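Dear colleague,

Please find below the structure that I am handing over to you. The findings follow directly after it.

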Amino acid sequence: MAAAIPLIEFRDVSKIYGHGEAEVRALDGASFKIAEGDFVAIMGPSGSGKSTAMNLIGCLDSPTSGEYLFSGVPVASLDRDQLALLRRNYFGFVFQGYNLLPRTSALDNVELPLVYKGVGRAERRQLALEALAKVGLKGREHHDPSELSGGQQQRVAIARALVGSPELILADEPTGNLDTRMSREIMEVLRDLNEKDGMTIVMVTHEEDMAEYAHRLIWMVDGKVERDGKPRHGGSGR
Amino acid sequence: MILETIRLAVQAIFRNTMRSTLTVLGIVIGVAAVIAMVTVGEGSSRQVTSDVEKLGTNILMVMPGGGGQQGPGSRTVAKAFTLKDVDAIIEQIGIVETAAPYGQSSTMAIYGAQSARTTVVGTDNRYLAAIDWPIVMGRAFLASEEQSGRSVCILGETLRQNLFGNTNPIGETIRLNALTCEVVGLLEAKGASSFGMDQDDVLALPIKTFMRRVTGSDDISMIYVSVRDGQSTTRAKVEIEALMRERRRIGEGEDDDFSIMDMKQIASMLSGITNVLTGLLSAVAAVSLLVGGIGIMNIMLVSVTERTREIGIRLAVGAQASQVLMQFLVEAIVLSMIGGLIGIVLGLGLAALASNLLAIPFQPNPLVVAGAFLFSFVVGIIFGYFPARRAAKLDPIEALRHQ
Ligand SMILES: Nc1ncnc2c1ncn2[C@@H]1O[C@H](COP(=O)(O)OP(=O)(O)OP(=O)(O)O)[C@@H](O)[C@H]1O
Ligand SMILES: [Mg+2]
């Protein structure tokens, strides 16, 4: 499998916001490949374009220039409905700002991706309960986001991302609001998904400890990939 | 997936009770207002029309004085009619069924300790027949009474109530100023007319009695003419006009010094007025429909921010734009239906209540009901659907970022 097609390939991808004076190059010619089954951490200073990159990988946004290939397919060639199917069947996204439906119970929020996958009600419920249990939210299933702490909301968002057993989990600072113990539990869940179920995981983090769970670390500065290697204790890197 | 979509929509409705209630309320108000107002408007216009029809559309009224005016308003005091004119009309105009003299005056009627001001009408049996006014108790005037001008009278129901209560008035004697008369008959109750007068507050005397004892002259202020069924009132008018010009010796080129009124004219004049009324009510109703519509629009637009984020979330977890839109469409349909149905029930209920209070017929117009419903329905759907459509066209991340 030497010539295996990478799951994700960014070729010189740029994302520019605004025009003229106000122009911001959130991504500035970023190139990288991520193989299937990999566990990648993305780090970098605030504003370096990490979330922008994640949104592009998750097909939630489109690049200003450059090319993004998913399993060798140029994403730019897909229409809106095909992108929706891609998100539905391959991606699980954890947003930096959670993005849960307001006035909707944790359970219903977690079930949402399954609704669009066409999973039946009973099975949906079952899977959602399991996912919530996995992130330590047993007993909170019927709470609205407004009745949950920031960390709990974050865990609902994580449960929603992994409930459909996607090929690729994209997690934007999934432990940003969690204490160390909870963070480690979540990281172990992710590691299990990666090792046992073969899910590919791309995770943005600010904490080196969390990055240690990854096999690979991409370091971004000013919208460019500055370093790409193993996490510190994983061998190379810094 | 259809069932799932409906479930999602219903979930969304209950998730935001406030927004849903306000939307439904906007529709309810618009629909109910239109239905209630138009129904009441049409009911009252129907009432007026049927009142006029009850008076008889084959009736002509011949009065001295030009241009429909009568009395001191006229430039020259026109010569009054006499009983001979009445006879001439009956004898010489073939298409006339009958004609009757008519004069009226306001007098105090006294019976025992009771007294009441009432309208005294001098006429004869032909008048009661012409306007189709049956006698429910006692009898009409006898020919001999009409001939000799005896002091007998027939009462209207209101005057009977005022003087006698519910007791039998037949055979009793009523005093009218210097005149005393014996009650021989009681007229059927007509009910209040739409002209705002009580037609039942009346006392009828034979015309000769009336002329001799009440007005003291042989003048007749009006002649009622009823035209034979199936005959043209217009033709009768022309013939009566020619006859009267001849009898009153009005020369060629001179204006009539009398006028002939047609119930049809009065009817069309009145229905013109009620049409304007209905039009006004409809305009007010249309405004409330519009206000309701703007209310719906407002709520929908205000909730767009939140809903745009919701759309972003749904798109991000794999919904296709068409699925999200279908959900929003179903949601708008359900809300509009609920609002529309409540509005119809409420509107018809209000109209029924008002019709009852105003004593007018309750006849809802299905077209108006359907129209009001459809309008609100369309407004609900447009403003539930189109903002959603705009949002669903965004990249998911833009929708999520929407402030
Ligand atoms: N919608 C937008 N409009 C304009 N500029 C934007 C927008 N989104 C991001 N940016 C800019 O793009 C740059 C990269 O933002 P991004 O969110 O990718 O950073 P980040 O690396 O995720 O930062 P953090 O660690 O704080 O989350 C920032 O300078 C930001 O201000
Ligand atoms: Mg970020």
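Glu23(A) is partly exposed, with a relative accessible area of 37%. Please note that the model is a predicted one. The partner of Glu23(A) in a salt bridge is Arg25(A), with 3.6 Å between the closest N and O atoms. Arg25(A) is likewise partly exposed, at 42% relative accessibility.

Salt bridges within the chains

Over all chains, a search of the whole structure finds 31 salt bridges. One of them joins Arg11(A) to Glu67(A), whose closest N and O atoms lie 3.4 Å apart. This pair links distant parts of the chain: Arg11(A) belongs to strand β1 (residues 8-17) of chain A and Glu67(A) to strand β4 (residues 65-70) of chain A, 56 residues apart. Arg11(A) is partly exposed, with 38% relative accessible area, and Glu67(A) is also partly exposed, at 30%.

In chain B, a salt bridge brings together the side chains of Arg15(B) and Glu310(B), at 3.9 Å from N to O.

The interface of chain A and chain B

The size of an interface is often given as the accessible area lost when the parts come together. Between chain A and chain B, the buried area is about 2,500 Å², and carbon and sulfur atoms give 51% of it. On the side of chain A, the residues that lose the most area to chain B are Arg80(A), Arg103(A) and Tyr116(A), which together account for 26% of what that side buries.

Two salt bridges are found across the interface of chain A and chain B. In a salt bridge between the two chains, the side chains of Arg124(A) and Glu4(B) meet at 3.2 Å from N to O. Both residues also belong to a network of salt bridges that links Asp108(A), Glu111(A), Arg124(A), Arg125(A), Glu4(B) and Arg7(B).

Individual residues in chain A

Most residues other than glycine have a negative phi. Tyr98(A) is not a glycine, yet its phi is positive, at about 65 degrees. Tyr98(A) sits in the loop between β6 (91-94) and α3 of chain A, and its relative accessibility of 12% means that it counts as buried. Ser165(A) also has a positive phi, near 45 degrees, and is a residue other than glycine. The place of Ser165(A) is the loop between α5 (150-162) and β7 (168-172) of chain A. Is Ser165(A) buried or exposed? Ser165(A) is exposed, because its relative accessible area is 54% and the cut-off for exposed is over 50%.

Thr52(A) lies in helix α1 (residues 50-57) of chain A and counts as buried, at 11% relative accessibility. Not counting residues up to four places away in sequence, Thr52(A) touches Lys15(A), Tyr17(A), Ala26(A) and Leu27(A).

Helix α2 of chain B

Two further residues are found in helix α2 (residues 17-55) of chain B, namely Ile29(B) and Ser45(B). Ile29(B) is partly exposed, with a relative accessible area of 46%. Together with Met18(B), Leu22(B) and Leu25(B), Ile29(B) forms a nonpolar patch on the surface, and the four have about 390 Å² of accessible area together.

Ser45(B), by contrast, counts as buried, at 15% relative accessibility. Leaving aside neighbours within four places in sequence, Ser45(B) is in contact with Thr274(B), Asn275(B) and Thr278(B). The C-alpha atoms of Ser45(B) and Val379(B) are separated by 30 Å, the two residues being 334 residues apart along the chain.

Yours sincerely

Notes
Residues numbered from 1 in each chain as written. Chains lettered and ligands numbered in written order. Predicted model: local features only at pLDDT ≥ 70, side-chain atom pairs only at ≥ 80, totals over all residues. Heavy atoms only, no water. Patch = residues over 30% accessible without salt bridge, like charges linked within 9 Å, V, L, I, M, F, W, Y side chains within 5 Å. Areas by Shrake-Rupley, 256 points an atom, 1.4 Å probe, with all protein chains shown as cover. Helix = DSSP H or I, 4+ residues; strand = E, 2+ residues; numbered from the N terminus. Buried < 20%, exposed > 50% of the residue type's maximum accessible area, 1.4 Å probe, protein only. Buried area = accessible area lost by both parts, 1.4 Å probe. Contact = heavy atoms within 4.5 Å.
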